[in-house]
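User: Could you walk me through reading cores and surfaces in a model like this one?

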Amino acid sequence: MIEGSLARRYTRALFQLACDGGQEDAVGVEVEQFFSDYSNSALQQVLTNPAFAVDTRKQILNQVAQSQKLSSLTVRFLSLLLERDRLSHLTGIVNCYRRLLNEARGRVDAKVISASALEPALVERVRGQLRSLSGKEVILQQVVDPELLGGLQVELEGKIYDGSVRTQLARMKQRIARGY
């Protein structure tokens with residue numbers, strides 16, 4: 001997901017404050033926890049509804065924060081987003097925070113898409129290849145897409161490496177259509 005410049009600015013500020021307090025991992029977990037409860041729920045509808053007064057929405061936010069045992073930094077950040085009507089940027093903020101944390105820890109997210117579930121030995125082999133390619137620790141997400149027919153698609157650092165049978169068949173079809 002592409003984050004907007006506003007989401008990146010807010011995220012960098014939050015990340016810097018979390019680093020200053022040595023809480024970057026904990027704040028990341030808290031923001032993601034809040035976002036998972038917030039997204040596509042009644043909470044989102046209430047907190048973004050201008051029919052409710054800002055003070056009322058803040059009280060609700062504080063009650064949710066208490067139930068989730070969020071740190072004061074996370075609560076202040078979420079309150080700021082609520083006051084400035086920026087909760088709609090929370091998706092980008094969560095993604096950007098995860099990316100900043102991974103960069104700071106020398107990690108990178110990767111996605112492997114295959115036609116069927118991969119065996120653990122193959123997953124480790126792919127992870128090793130991606131580690132040598134990126135020079136970073138790889139956090140691997142596996143996705144099954146039966147339409148690939150076979151082979152793999154790998155997304156790493158904004159690049160897609162496509163070795164799927166579906167793509168190879170499409171290329172063959174194009175070459176045949178061109179007369180090669």
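**Surface and core**

Analyst: Start outside: Ile-176 counts as exposed because its relative accessibility is 64%. Buried is under 20% relative accessible area, exposed over 50%, and partly exposed in between (1.4 Å probe, protein chains only). This is a predicted model, where local features need pLDDT of at least 70 and side-chain atom pairs count only at pLDDT 80 or more, while totals for chains, interfaces and linings use all residues. Residues are numbered from 1 along each chain as its sequence is written, and side-chain values use heavy atoms, leaving out hydrogens and water.

User: Where does Ile-176 sit?

Analyst: In helix H8, residues 165–178. Helices are DSSP runs (H or I, at least four residues), numbered from the N terminus.

User: And how do I read a nonpolar core?

Analyst: It's a set of buried Ala, Val, Leu, Ile, Met, Phe, Trp, Tyr and Cys residues joined through side-chain atoms within 4.5 Å. Here the largest one has 31 residues, and Phe-34, Tyr-38 and Leu-47 are among those with the most contacts inside it. Helices H1 to H6 each give two or more residues to this core, and H6 gives the most, with 7.

User: What does Leu-47 touch?

Analyst: Contact means heavy atoms within 4.5 Å. Leaving aside residues up to four places away in sequence, Leu-47 touches Phe-34, Tyr-38, Arg-57, Ile-60, Leu-61, Leu-82 and Leu-87. There's also a second, separate core of 11 residues, including Ala-110 and Leu-140.

User: Is Asn-49 exposed or partly exposed?

Analyst: Partly exposed, because its relative accessibility is 27%. Asn-49 lies in the loop between H3 and H4.
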